[in-house]
Amino acid sequence: MAAEHSVGFEPADRLAEDRESVRRRFWRKLKRVAAHLPFAEDLLAAYYCAFDRQTPRHVQASLLGAIAYFVLPFDFVADVMPMLGFADDAAVLATAIRMVAGHITNEHREAARAALKRGVEEADVEAA
């Protein structure tokens, strides 16, 4: 993955190179924390964009880096801290989305809303 498309956090950048590992770990973590994430819809839209075959590779790399940062069990601010726990994840994701916003389509956003409406458990099965 090119350095200009990384999140600048080596463990996340390494993980982002393994798309299938990101995919599996994403759904596991999302199931555990979805109810506590005010940015769950944006995260899912980014996920669907990152795994869309029509999305350019540099966009996929940027989003996969941000998603990999989300799934890591350790990061700059521990996810178990009330209120602050996901602030760093949200900041990394917001930055990545801002960089590639034109590539996250209405279809990605609709898929995210539908997945949240159906429930994360069902969405995971469909994404597999």
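Visitor: Before we start, what does buried mean here?
Guide: In this predicted model, we go by relative accessible area, worked out with a 1.4 Å probe on protein chains only. A residue counts as buried when that value is under 20%.

Visitor: How do the rings of phenylalanine 26 and tryptophan 27 sit in their aromatic pair?
Guide: Their centres are 5.2 Å apart, and the planes make an angle of 85 degrees. Planes over 60 degrees apart count as edge-to-face, so this pair is edge-to-face.

Visitor: And what kind of aromatic pair do phenylalanine 26 and phenylalanine 70 form?
Guide: Here the rings are 6.1 Å centre to centre, with 55 degrees between the planes. Stacked needs under 30 degrees and edge-to-face needs over 60, so what's left for this pair is tilted.

Visitor: How many residues apart in sequence are the parts that this pair ties together?
Guide: Phenylalanine 26 belongs to helix α2 (residues 19–33), while phenylalanine 70 belongs to helix α4 (residues 57–71). Both of these phenylalanines are buried. The pair therefore links parts of the chain whose separation in sequence is 44 residues.

Visitor: Which residues form the aromatic cluster?
Guide: The count of aromatic pairs comes to six. The one cluster is made of Phe26, Trp27, Tyr47, Tyr48, Phe51 and Phe70.

Visitor: How are α2 and α3 oriented to each other?
Guide: Residues meeting across these two helices include Phe26 and Trp27 from α2, and Tyr47 and Tyr48 from α3. The axes come within 12 Å and cross at roughly 160 degrees, and the crossing is left-handed. Angles over 145 degrees count as roughly antiparallel, so α2 and α3 are roughly antiparallel.

Visitor: What about α3 against α4: which orientation is that?
Guide: Their axes are 9 Å apart, and the packing angle is about 135 degrees. Contact residues include Tyr47 and Cys49 of α3 along with Leu63 and Phe70 of α4. This crossing is left-handed. That angle makes α3, relative to α4, oblique.

Technical notes. Residues are numbered from 1 along each chain as its sequence is written. This is a predicted model: local features need pLDDT of at least 70, side-chain atom pairs count only at pLDDT 80 or more; totals for chains, interfaces and linings use all residues. Side-chain values use heavy atoms; hydrogens and water are left out. Rings of Phe, Tyr and Trp (its six-membered ring) pair if their centres lie within 6.5 Å; planes under 30 degrees apart count as stacked, over 60 as edge-to-face and the rest as tilted. Helices (H or I, at least four residues) and strands (E, at least two) are DSSP runs, numbered from the N terminus. Buried means under 20% relative accessible area, exposed over 50%, partly exposed in between (1.4 Å probe, protein chains only). Axes are lines fitted to C-alpha atoms, for helices over the stretch in contact, and angles run from 0 to 180 degrees between N-to-C directions. Angles under 35 degrees count as roughly parallel, over 145 as roughly antiparallel, 65 to 115 as roughly perpendicular and the rest as oblique. A crossing is left-handed if the near helix is turned anticlockwise from the far one by less than a right angle, and right-handed if clockwise. Contact means heavy atoms within 4.5 Å.
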